[in-house]
Amino acid sequence: MIHCSVRALLLATVLVSGPASADTLREALAKAYRSNPTLTGARAGQRATDEGVPIARARGLPSANATAAYTEDFVRSALNFTSPARSASATVNLSVPIYSGGAVHNAVKAADARVSAGQASLRDTEATLFSNVVASYMDVIRDQAIVSLNMQNLQVLNVNLEATQDRFQVGDLTRTDVAQSQARLSEARSQLESAQAQLITSRETYVRLVGDSATNLEPPPPLPNLPISPDTAVTVALDNNPGLLAAQRRREAARFDTNVARASRAPTIAAIAGGNYSNFLGSLVADGFGSTGIPQTSTTAQAGVQLTIPLYQGGLPTAQVRRAQALESQSIEQTIEVERNIVAQTRAAYASWRASNELIISSQSAVDANTLSLEGVRAENSVGNRTILDILNAEQELLNSQVNLVSARRNSYVAGFSLLAAMGQAEARNLGLESGALFDPTVNYNRVRNDIWDFHDDPHPSPVASRTVDTPAQTPSVIGPTQK
């Protein structure tokens with residue numbers, strides 16, 4: 001039979017070491033950072049948010065337009081001798097806003113606040129994606145270990161069944177002993193099938209998040225800067241969590257929106273200028289006998305200051321202000337809600353992390369104890385003091401404790417990373433990703449903020465994220481052969 005210490009060695013190999021050509025967690029995070037559609041889509045959405053600033057500023061900048069027209073009179077009154085048969089005209093108008101009651105100023109402030117909120121939300125999306133990638137990465141490692149342990153257990157039970165049948169042939173054991181070994185072997189095959197199915201699910205999730213198949217994943221590096229208490233974690237989270245920062249910026253934007261609504265009651269002042277040129281194309285006559293000699297062109301120009309004072313708007317400004325105030329109140333409550341969620345999430349992640357660490361210790365003790373127990377049961381069986389069922393139960397208990405240990409290590413790492421994410425310390429800038437220059441959302445913001453030209457379009461949109469339709473399906477033939 002295969003000694004149980006071999007199984008323990010297998011478990012240690014799976015959890016401690018990895019193949020030289022294995023993928024690392026940092027590489028998986030870098031791939032997701034470059035090509036995950038959730039993140040690349042969020043970046044595109046942030047670029048759209050950036051455009052809110054030049055759109056708001058445009059209301060306070062000069063505007064000019066030109067109009068050209070050509071008319072042909074097909075039917076004219078017989079008594080109208082001065083009506084031209086045709087004419088061409090061109091008009092140019094210029095308007096320069098001088099004062100708008102603070103509407104433009106507050107609209108720009110609101111747009112800037114929403115840009116800041118969007119940048120913080122982008123950080124939050126990044127941290128959430130990384131948390132999902134870490135969980136998927138650890139799921140694959142856990143499930144590969146569980147599949148390996150179940151395959152090992154299946155081999156042991158095969159050897160047990162063969163030995164039991166041999167002893168039954170010589171009359172040392174009963175048919176009941178053989179049936180018990182056969183039943184346990186069938187259960188082991190079912191457990192292996194379930195473990196393989198779970199591994200396939202985890203690997204497909206990895207492909208969805210990372211964009212590539214998992215290849216001999218290495219154990220992850222230790223997590224840095226984990227807090228010593230839940231209160232410390234909450235203090236850091238309240239200062240750095242990007243989701244809370246985004247909610248606070250949205251609350252500021254709502255306050256500026258209220259000021260914009262109030263500005264609809266205020267007078268507005270604008271400087272205006274315009275010019276008009278008309279040409280009757282020789283068709284303007286002074287009488288009905290075709291005489292000419294009067295001017296065939298007309299040119300006018302004007303400039304001035306326009307003052308608009310709202311007197312009555314049917315209650316529209318008041319309704320707009322009340323609506324803005326209600327939305328501002330909603331944003332205040334939503335900020336408190338986000339803060340509550342972050343406090344609860346941080347404390348829960350800390351508790352889960354500490355509990356998983358304790359579970360690792362107890363599970364390791366259980367593995368050690370069950371290893372010794374299995375050795376003792378086998379020794380006692382050899383002298384007739386233990387039955388085959390006792391051996392089978394001891395083997396199952398050892399397998400269960402080993403699976404619990406693998407799961408506890410996965411849960412500890414995922415909870416620890418989730419804790420760092422809640423504290424705002426699980427973003428690309430914190431992880432040192434070796435994937436080139438990190439994405440900087442301020443680059444596009446600075447590019448478009450002061451753009452005042454009407455024909456500065458960006459290139460036609462094209463996909464940034466990678467597709468996964470060409471990746472191989474994660475079948476047992478891909479993840480490795482099974483042994484039954």
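**View 1. Helices H5 and H6 are roughly antiparallel in this predicted model.** H5 and H6 (residues 175-210) pack at about 160 degrees, with axes 8 Å apart. Axes are lines fitted to C-alpha atoms, for helices over the stretch in contact; angles run from 0 to 180 degrees between N-to-C directions. The H5–H6 crossing is left-handed. Left-handed means the near helix is turned anticlockwise from the far one by less than a right angle, right-handed clockwise. By class, the H5–H6 contact has 20 nonpolar, 15 polar and eight charged residues. Nonpolar covers Ala, Val, Leu, Ile, Met, Phe, Trp, Tyr, Cys and Pro; charged covers Asp, Glu, Lys and Arg; the others, Gly among them, are polar.

Residues are numbered from 1 along each chain as its sequence is written, and side-chain values use heavy atoms, without hydrogens or water. In this predicted model, local features need pLDDT of at least 70 and side-chain atom pairs pLDDT 80 or more, while totals for chains, interfaces and linings use all residues.

**View 2. Helix H2 (residues 25-35) crosses H5 at roughly 135 degrees.** Their axes come within 10 Å. H2 and H5 are therefore oblique to each other. The H2–H5 crossing is right-handed. From H2, Leu 25, Ala 28, Leu 29, Ala 32 and Tyr 33 meet Glu 126, Leu 129, Phe 130, Val 133, Val 134 and Tyr 137 of H5. Contact means heavy atoms within 4.5 Å. This H2–H5 contact has 10 nonpolar, no polar and one charged residues.

**View 3. H5 (residues 103-169) packs with H12 at about 160 degrees.** The axes lie 11 Å apart. That angle makes H5 roughly antiparallel to H12. H5 passes H12 in a right-handed crossing. Asp 112, Val 115, Gln 119 and Leu 122 of H5 make the contact with Pro 441, Thr 442 and Tyr 445 of H12.

**View 4. The second largest pocket holds about 440 Å³ of space.** A pocket is an open set of points on a 1 Å grid where a 1.4 Å probe fits, with protein on both sides within 12 Å along at least five of seven lines; lining residues have an atom within 4 Å of a point. Of its 18 lining residues, Pro 54, Asp 451, Ile 452, Trp 453 and Asp 454 are the closest to the centre. H4 (52-58), strand S1 (63-72) and H12 (441-448) each give two or more lining residues. H4 gives the most, four.

Key. Grid points are joined across faces, edges and corners, and a volume is the space filled by probe spheres set on the points. Angles under 35 degrees count as roughly parallel, over 145 as roughly antiparallel, 65 to 115 as roughly perpendicular and the rest as oblique.
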